[in-house]
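Please open the structure in your viewer and keep the selection tool at hand. We will walk through it stop by stop.

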Amino acid sequence: MISISKNRMWFCGTDARHLVRSPHYVEVLLSYGLGFVLYSAVCLFVHQIPLAQFFTLVGFGLCLYTFLEYWFHRQLLHSLLQSIHANHHREPSKLRIIMTPIFPVHLTDVVVVGALIVLLGRQIACGLNCGIALGQMIMDTTHVLFHAPNSPWLLRYARSYHLWHHYSTAHSTGSDSASRGDDYFGHTGNNNNNNTQQHHTHGLTTPFWDMIFGTLPNKWPVYARYPKLRYLQVPFPLLSFVMIAVILWWSTPPAPMSTPTPTRSTPSAAASSTSASTLTSTSTSTSRWWDVAFGPVQVRYLITSCLGACLAFPLVY
């Protein structure tokens, strides 16, 4: 059944190390997306939960997930599994090791769903688990974007907040770029900073639970410059950071673009060609950074991810 030989773990004759590996982003989208669809179908067609109640349960499930995310990051990754999680802190820009292993997440989900069934009943547990699956997918995908070369504008403060967890002393200047949430700390290499705020900022998609449990980074430049924003907390994925982005954009909109002054000098044809080719290669590499980081997806891993999504299915059916 289970044996270990030559630094490999075998389960039923196959190498089982891929069950605890950091997955491809396609596996994440497929596994948790499939889980969301399956549990939603059970809620709507088996338990016949009204649509309004279903969306309410999904919303509460997303809120519950933010607590599970905080607790897992603080109590497990920075305590029991600190030696494993240290790899991510040593190489935070290595996207290939960022995603949470899928199979352990689904095993944990079985325990959570079982507890919810005992406490709240099968129907409510099924609806809440839809939100949990959706929250896990949001967290994993946005976590990659926090460490990726490009990140959407609405995630700029969420990215800055999480990277404070990795690069605290680089934030100590409290510069304007810091308060705007810009990636001013040059996160392109390894994290060799020994004075990080790893005991703070454990929430990835919301700072709400950091505020509740006393791990809110009050020196984060946004909170330092706008103290009242630290009370703008919602236990819902990304909503607090989106509200901060909208409020700060509305209060200090970006300056209008100025018309450049024309110059008489014109670049040579060779220089223009070089600049064009450089721009093209840069835009191409920038737009395909995920392919470089993750590489091709393997079908056997996709199958395993889909099977993992079905682990809690017998409990809620």
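The tour below moves from the whole chain to single residues.

**Before you start**

This is a predicted model, in which local features need pLDDT of at least 70 and side-chain atom pairs count only at pLDDT 80 or more, while totals for chains, interfaces and linings use all residues. Residues are numbered from 1 along each chain as its sequence is written, and side-chain values use heavy atoms, with hydrogens and water left out.

**Stop 1: the whole chain**

Show the chain as a cartoon. The secondary structure comes to 14 helices and three strands; these are DSSP runs, helices being H or I with at least four residues and strands E with at least two, numbered from the N terminus.

Of the 317 residues, 41% count as buried. Buried means under 20% relative accessible area, exposed over 50%, and partly exposed in between (1.4 Å probe, protein chains only).

Among contacts with a separation of 6 or more, 73% are accounted for by residues 24 or more positions apart. A contact means heavy atoms within 4.5 Å.

**Stop 2: the largest pocket**

Select F72, L77, T100, P101 and V105, the lining residues that lie nearest the centre of the largest pocket. The volume of this pocket is about 1200 Å³. A pocket is an open set of points on a 1 Å grid over the protein atoms alone, where a 1.4 Å probe fits and protein lies on both sides within 12 Å along at least five of seven lines; lining residues have an atom within 4 Å of a point. Grid points are joined across faces, edges and corners, and the volume is the space filled by probe spheres set on the points.

Which helix gives the largest share of the lining? Colour α2, which supplies nine residues. The elements that give two or more residues are α1 (25-46), α2 (51-80), α3 (82-90), α4 (102-120), α5 (122-147) and α6 (156-166). By class, the lining has 24 nonpolar, 16 polar and five charged residues. Here Ala, Val, Leu, Ile, Met, Phe, Trp, Tyr, Cys and Pro count as nonpolar, Asp, Glu, Lys and Arg as charged, and the others, Gly among them, as polar.

While you are at α6, look at its cover: ten of its eleven residues are buried. Y157, R159 and W164 are among them.

Next, pick Q82 in α3. Q82 is partly exposed at 44% relative accessibility, and it touches L76 and L77, leaving aside residues up to four places away in sequence.

**Stop 3: aromatic rings**

The count of aromatic pairs comes to twelve. Rings of Phe, Tyr and Trp (its six-membered ring) pair if their centres lie within 6.5 Å; planes under 30 degrees apart count as stacked, over 60 as edge-to-face and the rest as tilted.

Select F208 and W209. Their ring centres are 4.8 Å apart with planes at 90 degrees, so the pair is edge-to-face. Both F208 and W209 are buried.

Then select F313 and Y317. Their ring centres lie 5.5 Å apart and the planes are at 35 degrees, so this pair is tilted. F313 is partly exposed at 25% relative accessible area, whereas Y317 counts as exposed at 56%.

**Stop 4**

Go to T215, in the loop between α8 (208-212) and α9 (221-225). T215 is buried at 3% relative accessibility. Beyond residues up to four places away in sequence, T215 touches Y70, R74, H199, H200, T201, H202 and D210.

Now centre on T201, in the loop between α7 (176-179) and α8. T201 is not a glycine, yet has a positive phi of about 60 degrees. Most residues other than glycine have a negative phi. Is T201 buried or exposed? At 0% relative accessibility, T201 counts as buried.

L238, in the loop between α9 and α10, also has a positive phi, near 70 degrees. L238 is buried at 14% relative accessibility.

**Stop 5: S240**

Finish at S240, in helix α10 (residues 239-251). S240 is buried, with a relative accessible area of 0%. Its contacts, not counting residues up to four places away in sequence, are T206, P207, L232, Q233 and V234.
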